[in-house]
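Keep the sequence and the 3D view side by side as you read.

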Amino acid sequence: MASSIENNNEKLTLKSSDGEEFLVEKHVALQSTLLQNMLDSDCSSADVIPLPKIDARTLALVLGYCKKHADASSSKQGELNSFDSEFLKDMDMGALFNLVLAANFMEIKGLLDIAAQKIADTIKDKPHQEVREIFHVENDYTPEEEAAVREENRWAFEGFP
Amino acid sequence: MNKRAANGGGGGGGEGCGLLERLPNSIINEILGKLELETLCSAACVSRTLRSSASQVLSSLTTLDLSSFSPDVQTLEHILHRCSALKRVTVDCLRLGDSSVRSFLGEQIEELNLLKGSSLSYQVLFSIGRKCPNLRFVFNLVQSLCIKIRGSELDASGFRSSVLSVPNTVKVLKLQPLLIEDAIGFINDLPYGRNALNDSFDLSIPFYPLSPRFTLQKLSLVVDVISDELTISISNFVPLLVELDLEDRPCSEPQLPKDLTNSGLQRLGSCQHLIALSLIRSKLNCQVYFKAVNDMGMFLLSESCKGLQAVRLGGFSKVSDAGFAAILHSCRNLKKFEVRNASLISDLAFLNGALPSLVDMKLWSCSLITSESVNELASSSDLEVLDLSGCRSIADSCLSRVTSLHRLTTLNIGGSDITDGGLAIIGRGNSPITHLCLSCCKRVTDKGIALLFSGGGKIREKLLALDVGYIPGISDKAIFTIAEFAPSVTELCIRYCYSVTDASLEILAAERRFEDGNKLVLRRLDLCSCIGLSVKSYELLKKPFFSGLKWLGVGRTQLTSKGMAIFTEIREERPWLTLCLGGCEMGCHDGWQFHRADCYQEGLS
C-alpha cells in the first residue's frame with residue numbers, strides 16, 4: 001500500500017440494506033464506479049453512504065474483492081486471477097446472484113464479469129431441466145409453446161436427452 | 001475495513017423460487033453472452049425470460065461459427081433468423097445447398113467461411129459477389145473435388161465470370177479445386193492485372209504501378225498441376241500477396257514444361273511481402289513429386305524470401321538436407337515449418353546450426369528423421385505443435401524431452417516406432433497435450449494406453465482428441481481405460497482396430513459421470529473398419545446412447561452391410577448427427593471426399 005494513502009487515511013462509511021456499517025478506505029472504494037462518481041461530486045466522505053440493495057454478507061464479500069484488487073493493482077495479474085477463481089469457488093447460486101447484483105449496482109466491472117462468467121460456467125452443457133433447478137425457475141411455457149421452442153433448439157440440446 | 005459477522009439476513013442461498021427474476025435483463029444478457037452457442041440455444045428452452053434474453057444475445061452477435069457440426073437447412077434457419085447483426089460467418093455446408101447459403105448473404109457480411117461445400121455450385125460465387133459488396137477478409141470456399149470430376153457443366157468461362165464478380169475488396173481467396181488453365185486465367189483476369197497486360201505472358205514485362213483496387217493478400221488454390229506458368233502469373237499479377245497456398249493433385253507424372261522448376265520457384269521471390277508459403281504436391285491420385293526442383297531451387301527461394309514466417313513444402317523428393325537447411329537458416333522469423341514426403345531429408349537438416357524458434361513443426365513421412373532431430377527441435381521451448389506423422393524411425397528416446405515442453409498442445413507420432421514405454425513417458429509428462437495421435441504405432445498395446453493415463457501427468461485432464469487407429473494391439477481393454485480415465489476426450493478415433501468389439505461401443509455409448517460431475521461426452525467417433533463390431537451394435541447408436549455425438553464414421557463395418565434402413569432410422573432420430581459411411585477421416589475433413597449426408601448409397605455400394 002502506498003504511504004500517501006496511509007497518510008491521507010481517508011475513509012468512508014457504507015451502510016448495507018440490513019443496517020450494518022462498513023468503514024472503507026477511499027482507494028478501496030474507488031474500485032466501484034458508483035462510489036467514485038459519488039466522491040467526485042459533492043458527496044462528502046463524512047456522510048454514511050446507504051446501499052439499500054446490498055446485504056451485509058454480500059457487501060463484505062464485495063469489499064474483500066475491492067480491497068484485494070485495489071492493493072494489488074499493477075502487481076501480478078496471475079496472482080489476482082487465482083484470487084478471483086478462489087474467491088468464487090464453492091459459492092452457492094444465491095450468494096453468486098447477490099454478488100452479481102451488487103457488482104452491477106456498484107458498477108464494479110471486473111467483479112460483474114467474473115461472477116457472470118461463474119454463473120455461465122455453472123449452466124454450461126447442462127440440460128434446460130437442470131438449468132431450471134439451478135436457477136429455481138418455473139417453466140412458464142404452455143405445452144405448445146414449449147414444444148415449439150424445443151423443436152427450434154433441438155439441435156443444441158441433443159447432447160442432453 | 002470494518003467487518004462483522006454476517007447475521008444471515010438478506011438471503012444468501014436457498015431463498016427458494018425465482019432466483020432469476022431478481023436479475024435485471026442487462027445482467028441476464030451479460031451471463032448468456034458468455035455462453036457458447038449450444039448452451040445459449042438450449043437455455044432458451046428454460047423459460048420465456050431466458051428465451052427473450054437469448055434472442056437478444058443472438059441478435060447482437062457479430063460472429064457466428066457453425067463449424068463444429070453440420071447443420072441441416074432447418075437448423076440453420078432456426079439459428080440465423082435470430083441473428084441480424086452478423087458480420088463474420090463460418091458454416092459447415094456439408095448438408096446445405098445454394099439457397100441456404102444465399103439466405104444469409106447480405107451487405108453486412110465482411111467475412112465468410114463456407115466449409116465442406118460439396119453440395120454448393122459455382123453459382124453461389126456469383127451470389128456472394130452480388131450480395132456481399134462489403135466482404136473484406138476471408139473468402140474461403142472449399143469446393144468438392146467431385147465438382148470437377150463430375151461437372152462438365154462448369155466450363156471455364158462460366159467459372160471465370162462468377163469469380164470475377166467477387167468484390168474487389170476481398171483480401172483472401174481460397175478456391176479448390178481448379179484446372180490449372182482456370183487458375184492461370186483467373187489470376188490473369190484479376191482487375192489488377194487487366195490494365196497491366198494485354199496479351200500473353202512475357203517475362204520481361206515491367207511491373208505497373210500497383211492498383212489500389214484489388215489488393216488480394218492471401219491466395220489459396222488447389223489445382224491439377226502446379227507449373228512455372230502459374231508461379232509466374234502469380235508473381236506478375238498479385239505481387240502483394242502475403243500468403244500463398246498452392247496444392248496440386250496430378251493424375252499422372254507431370255512433364256516439363258508443365259511442371260514446377262527451380263526458376264519457377266525463384267519467381268515467387270518477387271512477392272516481397274510473402275510471409276507464408278505453402279507448396280504441396282499431393283499423392284492423392286498417384287505417386288508424384290516435384291522432380292524438377294532440387295536444392296538450387298530452395299537456395300534461390302531462401303535468398304529472396306527471408307521474411308517468411310510459415311513454410312510448408314510437400315513432395316520435394318529431390319531436395320536434400322542442404323536445401324531445407326537453407327530455408328531454416330535464412331528465414332530467421334520462421335514460426336511454422338512443415339515438410340511432407342521428402343525422402344531425402346535427414347537429421348543433418350536440423351543438427352547443423354541454430355534453428356529459428358519454431359512454434360509449429362510438422363514432418364510428415366520423412367523416414368530418415370530420427371529421435372536426434374526431435375531432441376534438437378524440442379530445444380525450442382515455444383513449440384506448440386509437433387507432428388511427426390509417418391516418421392517411422394522415431395523412437396521412445398526423444399519423448400522425455402518432448403513432454404517437458406510446457407506449451408506443447410498437439411503431438412502426432414503416428415506411424416512411429418513408439419512403444420508402450422514411450423506412452424508411459426508421455427503419461428508422466430508436463431506438456432498440456434490436448435491432441436494426441438498414435439495412429440499406426442504398431443508396437444503400442446492396451447498396456448500402453450493404461451500407462452498413458454496413469455502416469456500422473458497433465459495429459460489425463462487435458463486430452464481432448466485421441467487417435468489410436470490402425471493399431472492391432474488395441475482391444476476393448478484400451479477403450480475401457482479411455483472411457484474410465486480420460487474424462488475430457490471428445491474426439492476418439494479407433495478406425496481399423498479389428499479387436500474392438502461391441503463391449504467397447506457399449507461402454508462408450510453409456511452416459512458416465514466422473515467424481516467431479518463432468519461427463520464423458522464424445523462429439524466425434526471414428527469406427528471405420530472396426531470389423532469386430534457386430535450388426536447388433538447399431539442399437540447402441542440410437543437414443544439415448546451417445547448423447548451429444550455430432551459425427552460418426554462407420555464406413556466398412558458390418559453395420560453398413562445391414563442395409564440403409566437402420567441408418568435412415570438413426571438419421572431421422574438425430575438429424576444433426578453426421579453419419580459417414582464412406583470411410584472419411586474424422587469429421588469428413590475438408591469435405592473434398594465426395595460425400596453427402598443423404599447419400600448413403602455412396603458408402604454402401
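A residue counts as buried here if 20 or more other C-beta atoms lie within 10 Å of its own, as exposed if 12 or fewer do, and as partly exposed in between, with C-beta atoms placed from the backbone. A nonpolar core is then a set of buried Ala, Val, Leu, Ile, Met, Phe, Trp, Tyr and Cys residues joined through C-beta atoms within 7 Å. Before we use those terms, some housekeeping: this is a predicted model, where local features need pLDDT of at least 70 and side-chain atom pairs count only at pLDDT 80 or more, while totals for chains, interfaces and linings use all residues. Residues are numbered from 1 along each chain as its sequence is written, and chains are lettered from A and ligands numbered from 1 in the order in which they are written.

On to the core. The largest nonpolar core has 206 residues, and those with the most contacts inside it are A:Leu59, A:Val62, A:Ala103, B:Ala43, B:Val468 and B:Ile494. Helix H4 of chain A gives the largest share of this core, 8 residues. Helices (H or I, at least four residues) and strands (E, at least two) are DSSP runs, numbered from the N terminus. What does A:Leu59 touch once its neighbours within four places in sequence are set aside? Its contacts are A:Leu14, A:Ser16, A:Phe22, A:Leu51, A:Ile54 and A:Ala102, where a contact means that two C-beta atoms, placed from the backbone, lie within 7 Å.

Now take chain A as a whole. Chain A has 10 helices and 3 strands, and from the N terminus on its elements run α-β-β-α-α-β-α-α-α-α-α-α-α. Of its 161 residues, 35% count as buried. If you look at the contacts in chain A with a separation of 6 or more, residues 24 or more positions apart account for 64% of them.

The 3 strands of chain A form an open sheet in the order S2-S1-S3, with mixed pairing; two strands pair if DSSP finds at least two bridges between them. S2 and strand S3 (48–50) of chain A each have a single partner strand and stand at the edges, so one side of each is left without a neighbour in the sheet. Strand S1 (residues 11–15) of chain A pairs with S2(A) in the antiparallel sense over 5 bridges, and A:Lys11 stands opposite A:Glu25 in S2(A).

Further along chain A, UniProt lists residues 109–156 for "domain: SKP1 component dimerisation", in an unreviewed entry. UniProt positions are given in the numbering used here, feature names are shortened, and annotations may be inferred rather than shown by experiment. Over residues 109–156 of chain A the chain is 75% helix and 0% strand, with its end C-alpha atoms 30 Å apart. A:Glu152 is found in helix H9 of chain A. Is A:Glu152 buried or exposed? It counts as buried, because it has 20 C-beta neighbours inside 10 Å. A:Glu152 and A:Ser17 are 135 residues apart in sequence and 43 Å apart in space, C-alpha to C-alpha.

Next, the place where the two chains meet. The contact takes 50 residues from chain A and 46 residues from chain B. On the side of chain A that touches chain B, H6(A) gives the most, with 8 residues. The residues of that side divide into 25 nonpolar, 10 polar and 15 charged. Here Ala, Val, Leu, Ile, Met, Phe, Trp, Tyr, Cys and Pro count as nonpolar, Asp, Glu, Lys and Arg as charged, and the others, Gly among them, as polar.

Of the 605 residues of chain B, 49% count as buried. The UniProt record, again an unreviewed entry, places "domain: F-box" at residues 23–63 of chain B. That span is 68% helix and 2% strand, and its end C-alpha atoms lie 26 Å apart. Helix H1 (residues 25–32) of chain B has the buried residues B:Ile27, B:Ile28, B:Glu30, B:Ile31 and B:Leu32. Their cover includes H6 and H7 of chain A together with helix H2 (37–43) and helix H3 (48–60) of chain B.

Finally, some strands of chain B. Strand S10 (residues 336–340) and strand S11 (residues 360–364) of chain B run parallel, joined by 5 bridges, and B:Phe337 has B:Met361 in S11(B) as its bridge partner. S11(B) is also joined to strand S12 (residues 385–387) of chain B, in parallel, by 3 bridges.
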